[in-house]
Amino acid sequence: MNAEEFRALCVPPSTTLLDALATLNRTGRGVLLVTDAHGRLLRTITDGDLRRAALEHRPETSRLEELPAQRPLTITDDTPLPAAVGLLDKHQIDHLPVVDAQGVPVDIVLRRELSQRIWLSSPHLGEEETAFVEDAFRTNWIAPLGPHVDGFERELAAHVGVRHAAALSSGTAAIHLGLLLLGVQPGDTVFCSALTFVASCNPIRYCGAEPVFIDSEPASWNMSPAALERAFEWARRENRMPRCVVVVNLYGQSADMDALTAICDRHGVPILEDAAESLGATYRGRASGSFGRVGVFSFNGNKIITTSGGGMLVADDEQLVARARKLSTQAREPAAHYEHTEMGFNYRMSNVLAGIGRGQLRVLDQRVQRRRRVFEIYREALADLDIRWMPEPAGCFSTRWLTCFTLEGPDAQARRDRLLRRLERHSIEARPVWKPMQLQPLYAAARFFAHADGEDVAASLFEAGVCLPSGSNLTDDQIGRVIDHLRRALVAEDARAPV
């Protein structure tokens, strides 16, 4: 519902029953908001109210103000959606106006929207996957390992331009094994991007090592080369050189790998490239995930392609990948009996899920193309508003896995939270940008290196950043619904700003 459609719901108390009926029919929302000369809500009118008036034989020329008084049931902008739904259910109504401190209606919760949720990034399955899964059932290859696992590994490796791959149960498992393959041991230090999901760094703790977090740069939102340089200077002084550096590629976009690789190579430290969010992206023509000594992808349900749950570890080093496969199957030795000489894990992907992955991989380019188009639709429709989209630096090709922007101006976090609440009231899932690891209670004691003195880029992006629904299966109508509500929310925020 855009601003004009919302204003059409507001009528004066002098409106006749006949005109109210015509407006209800024209607007199609099932409710009108009766407001006084100052815009304050007096009551709501539904088709049920008009039906009762007809049964009472009230003339069509009767005015709404002549109907029996009815105090409106309302909520405020701060009311959580579950509480609003509770009121809808308790009073068996389908509409709930949202009013400001002066009692002026600013929004409305509609039950019909609650059943038409727009997800941030939902799975997008097609027909290719079915054939592979049916083959797995028909051949009884259900367990971990099988021809689809082998095929998925070959095809994914070929797609990203690396020699070898190991299909695993999750991206987190892939990071854990990648750290072990790079020699991370208890007591070690590992540098890691600060602006990321916690799964990027928790495996560091699995290994008994300690993370040191590196800030983002404004140009890409990914790891800052300047911050990484200072972290290495500190590590050399303190004799705490990292075993490896975990570089995270956020929201479908590669980090500045030339600059980061040069720094790490100069210090003789390998990169583990966390490309969980960037499959399909490129950096200077080379696939994201192919730059590190080890690369990692995720196929979680919200990723650009999915196996419902799963991950992949890739590397050019055949021995590294062979060891990953061994560790992922409980580190079983090649003996007729079950023999184990080291600790292993249950991290292998099943043949069924790998079949889904093979089908998904065949449409990856289409999924990327659609997500980039979703971003362009948002950008074009909201070009007149004061927001800043996640940049795409020269030489980068982003998948726009998630369309993200930041709010400009002061008090960004409070404005962001109000915007997210407003979208949620209309059953639109949007989220803040990742909360950086240096702000997480779990890692409060960890060392952090900012992009520049007094400039914590990751924290600023979190405070002002919003991720919009971005799925490749969004319809144009759904995108339009998001745009309408987002525009109203942003305009409302501008109106609140002090002059």
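Is Y251 buried or exposed, and what is its relative accessible area? Y251 is buried, with a relative accessible area of 1%, where buried means under 20% relative accessible area, exposed means over 50%, and partly exposed is what falls in between, using a 1.4 Å probe and protein chains only.

Before I go on, a word on what we are looking at. This is a predicted model, in which local features need pLDDT of at least 70 and side-chain atom pairs count only at pLDDT 80 or more, while totals for chains, interfaces and linings use all residues. Residues are numbered from 1 along each chain as its sequence is written, and side-chain values use heavy atoms, with hydrogens and water left out.

Let me stay with the aromatic residues. Across the whole structure a search finds 11 aromatic pairs, a pair being two rings of Phe, Tyr or Trp (for Trp, the six-membered ring) whose centres lie within 6.5 Å, called stacked if the planes are under 30 degrees apart, edge-to-face if over 60, and tilted for the rest. In one of them, the rings of F191 and F232 have centres 5.1 Å apart and planes at 65 degrees, so this pair is edge-to-face. F191 belongs to strand β8 (residues 189-193) and F232 to helix α10 (residues 225-237), so the pair ties together parts that are 41 residues apart in sequence. For the labels, helices (H or I, at least four residues) and strands (E, at least two) are DSSP runs, numbered from the N terminus. F191 and F232 are both buried.

Now back to Y251: its ring and that of W401 have centres 6.3 Å apart and planes at 20 degrees, so the pair is stacked. Y251 sits in the loop between β10 (244-248) and α11 (257-267), and W401 in the loop between β17 (396-397) and β18 (403-407), so to speak a link between distant parts of the chain, 150 residues apart. W401 is also buried, with a relative accessible area of 3%, and F197, Y251, W401 and W434 form one aromatic cluster.

Not counting residues up to four places away in sequence, L179 touches V184, V190, P203, I204, C207, C244, V246 and L272, contact meaning heavy atoms within 4.5 Å.

Turning to the sheets, eight strands form an open sheet with mixed pairing, in the order β7-β15-β14-β11-β10-β8-β9-β20, where two strands pair if DSSP finds at least two bridges between them. The edge strands are β7 and β20 (448-449), each pairing on one side only. Five bridges join β7 to strand β15 (residues 311-315) in an antiparallel arrangement, with L168 standing opposite G311. On β15 there is also antiparallel pairing with strand β14 (residues 294-298), over four bridges, and F297 has M312 as its bridge partner. Helix α10 lies across β8, β9 (210-214), β10 and β20, running at about 170 degrees to β8; axes are lines fitted to C-alpha atoms, for helices over the stretch in contact, and angles run from 0 to 180 degrees between N-to-C directions.

There is also an open sheet of three strands, in the order β1-β2-β3, with mixed pairing. Its edges are β1 (10-11) and β3 (41-46), each with a single partner strand, so one side of each is left without a neighbour in the sheet. Strands β1 and β2 (residues 31-35) run parallel, joined by two bridges, and V11 has V34 as its bridge partner.

I will close with two single residues. R416, in helix α15 (residues 412-425), is buried at a relative accessible area of 4%, whereas W119, at 47% relative accessibility, counts as partly exposed. Leaving aside neighbours within four places in sequence, R416 is in contact with L407, P432, F462, E463, G465 and V466, and W119 with E429 and P469.
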